[in-house]
Amino acid sequence: MKFPTGFIWGASTAAYQIEGGNEHSALWDWERRKGWERSGAAAGSWERWRDDVACLKRLNLKAYRFSVEWSRIEPRPGEFDERALARYREMVRALKDEGIRPIVCLHHFSEPAWLFAQVPDGWLTPAAAGRGALAPAAELFIRFVDKVVTYMGGEVRDWLTFNEPLVWLLAGYGIGQFPPGRRSLLSLQRTFYGNYGGGGLVGRVARAHKEAYRIIHREVPEARVSIAQHIGDLEPAGDRKEDRDAVKVWERFMHARLLDLLHHDATLDFLGINYYTRIYVAASRLPFVPLGTMPGYAEVEELLGPRLFRWLGGRRGDRPRTDMGWEIVPEGLERVVKRCWDAYKLPILITENGLASTTAHGREDYLKSHLAALGRALASGVDVEGYLHWSLIDNYEWGSYRPKFGLFSVDRDNGLARTPASGAEYYAEVARTNRL
Ligand code: BGC
C-alpha cells in the first residue's frame with residue numbers, strides 16, 4: 001500500500017521522559033514520595049539531543065514531536081532560563097537543517113514544583129473573576145507559553161498545547177497518581193466539567209488552550225495548533241443497552257466533550273490523536289461508581305485487583321497484550337480515526353502510537369498492522385496527514401524504566417548509548433519508500 005505524497009513519518013518523545021535531571025519539576029520530588037523508580041538521568045537527551053537527531057535521520061523520518069519542559073525553562077516563577085530556551089532553539093534549527101519538521105508540545109504532564117507552592121490545588125482553583133478569565137494555574141502556564149512562542153515562534157509551525165489533557169487530569173485530580181495528588185472519583189463529572197457550560201478542570205484547560213492558540217497564531221500566522229488527545233477504541237463490554245449507553249457516557253467524558261469545546265471555539269487546526277488500545281466499557285452494577293461506567297483499562301484492573309474489577313462489570317479483551325498489559329487491536333486505530341473524521345472533518349495526525357515490547361518482532365508486527373489500519377482509513381477518504389511513533393527512544397514511563405517503547409534502545413548501564421530496537425529497520429524502510 002502506498003501512502004499519499006508528503007505523508008508525515010515521524011516519532012515522538014516528551015521532555016521529562018528523556019532529558020534527565022528535571023529537578024525543578026513537581027514530579028521530581030513526587031517520584032521519591034511515591035516510591036517510584038527515579039527518573040534520574042533519563043535518556044540524557046538534554047545533553048545528547050544530537051544523538052536523538054541522528055536516530056531520526058537513521059529512520060528517514062521527516063518529523064519529530066518533542067516537548068519543552070516548563071520547569072527547565074522557568075525554574076523559578078517568572079524567571080526564565082535563556083540558556084535553556086536557546087538550547088531548544090538550537091535543536092529546532094538542527095532538526096530543520098536535516099529536513100526534520102519540529103512539532104512542539106508545550107505541556108506534557110510535567111509542571112514546575114513552584115506552581116503548586118503558589119497554587120496548591122493546581123488546576124482545581126478556579127479563576128477569581130467571572131467567566132472567561134483564566135484560572136491561576138492557566139495564567140501561569142500562559143505566561144510560559146507566551147515566552148516560548150515569542151522565542152521560538154519564528155522557527156516552529158506545528159504546535160501541540162496539551163498532551164492527553166484527560167489522562168493528565170485524571171492522574172492528578174481523579175486518582176491522585178500525579179501532582180498535586182487530589183482524588184475526585186465520587187464527584188468526577190462535577191470536578192471535570194463543572195455545571196455544564198465549560199467550567200471545571202476541563203473548561204479551564206480548554207480556556208488555556210484557547211489563549212495559547214491565540215498567542216501562537218499572533219506570533220506565527222501560518223501556525224498549525226492542536227492538542228494530542230488520548231483516544232481509545234471504546235467498545236461495549238456486553239450487548240446490553242446499558243453497556244452501549246455507558247460507552248457513550250465515557251466517550252463524552254474522556255474524548256468528545258473537550259474536542260467539542262475546542263472545535264466549537266475553532267481552536268483546532270488539525271486533530272492530534274494518541275491511540276494505543278481498545279477499551280471495553282460496561283455499565284457499572286454499583287450506582288456510586290463514577291459516571292455509572294466501568295471502563296476496562298489495564299490500569300483500572302490493576303488498581304482494583306482482578307476480582308473486584310470483574311465483579312464491578314470490568315472486562316478486558318483476549319487479544320495478545322503489550323508489556324503494558326494493553327491489548328493489541330490495530331483495527332481500533334481505523335475505527336477511532338474514522339469516528340474522529342466523521343465528527344470533526346479535521347486533518348488527523350497520529351501524534352502517538354506504539355508499544356512496550358522486548359520481543360524480537362513485536363514492534364515490526366505492531367507497526368505493520370497499525371499502519372495497514374491507517375491505510376484503510378486513508379483509502380476510505382479520511383484525511384490522515386501523518387504518523388508519529390511513540391517513541392523514538394526508550395524512556396521514563398512515569399515511574400519505571402521497565403517498559404521499552406523505543407525504536408532505539410537506550411543502554412542505561414553503558415553511557416546511554418542508542419541502538420536500533422526491533423521494528424526500527426522496518427519503520428525506516430516504510431518512511432523511505434512511503435509504502436508498506
Ligand atoms: C503518554 C506518554 C506515555 C505513553 C505510553 C501516552 O499516554 O503521552 O507520555 O509514555 O502514552 O504510556
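Me: Okay, which helix does Asp52 lie in?
Reply: Asp52 sits in helix H3, which covers residues 45-58. Keep in mind that this is a predicted model.

Me: Is Asp52 buried or exposed?
Reply: Buried. The relative accessible area of Asp52 is 2%, and the cut-off for buried is under 20%.

Me: What is Asp52 in contact with, leaving aside neighbours within four places in sequence?
Reply: Ile18, Ser45, Tyr64, Leu392, Ile393 and Arg418. Take Ile393: Asp52 and Ile393 are 341 residues apart in sequence, yet their C-alpha atoms are 7.8 Å apart in space.

Me: How many bridges join S2 to S3?
Reply: 5 bridges, with the two strands running parallel. Another pair there is Ser67 with its bridge partner Cys105 in S3.

Me: How many residues of S3 are buried?
Reply: 6 of its 7, so S3 counts as mostly covered, given that buried means under 20% relative accessible area. S3 spans residues 101-107.

Me: Which sense does S3 pair with S4 in, parallel or antiparallel?
Reply: Parallel, over 4 bridges, with S4 made of residues 158-163. Ile103 stands opposite Asp158 of S4.

Me: Switching to helices. How many residues of H8 are buried?
Reply: 9 of its 10, with H8 running over residues 165-174. The buried ones include Trp168, Leu169, Leu170 and Tyr173. Pro165 and Gly174 are among them too.

Me: What does the backbone do just after H8?
Reply: Gly176 takes a positive phi there, about 70°.

Me: Now H10 and H11. What angle do they pack at?
Reply: About 35°, with their axes 10 Å apart. H10 is residues 200-219 and H11 is residues 241-264. The crossing of H10 past H11 is right-handed.

Me: Which residues make the contact?
Reply: From H10, Val202, Ala206 and His209; from H11, Leu258, Leu261 and Leu262. By class, that contact has 5 nonpolar and 1 polar residue, with no charged ones.

Me: Last one: Glu334. Which helix is Glu334 in?
Reply: H14, residues 330-344.

Me: Why does Glu334 count as buried?
Reply: Because its relative accessibility is 13%, and the cut-off is under 20%.

Me: What does the side chain of Glu334 make a polar contact with?
Reply: The side chain of Arg376, at 2.7 Å. Leaving aside neighbours within four places in sequence, Glu334 is in contact with Ala373 and Ala377 as well as Arg376.

Conventions. Residues are numbered from 1 along each chain as its sequence is written. This is a predicted model: local features need pLDDT of at least 70, side-chain atom pairs count only at pLDDT 80 or more; totals for chains, interfaces and linings use all residues. Side-chain values use heavy atoms; hydrogens and water are left out. Two strands pair if DSSP finds at least two bridges between them. Buried means under 20% relative accessible area, exposed over 50%, partly exposed in between (1.4 Å probe, protein chains only). Axes are lines fitted to C-alpha atoms, for helices over the stretch in contact, and angles run from 0 to 180 degrees between N-to-C directions. A crossing is left-handed if the near helix is turned anticlockwise from the far one by less than a right angle, and right-handed if clockwise. Contact means heavy atoms within 4.5 Å. Ala, Val, Leu, Ile, Met, Phe, Trp, Tyr, Cys and Pro count as nonpolar, Asp, Glu, Lys and Arg as charged, and the others, Gly among them, as polar. A polar contact is a pair of N or O atoms within 3.5 Å; within protein, one must be able to donate a hydrogen and the other to accept it, and residues adjacent in sequence count only if both atoms are side-chain atoms.
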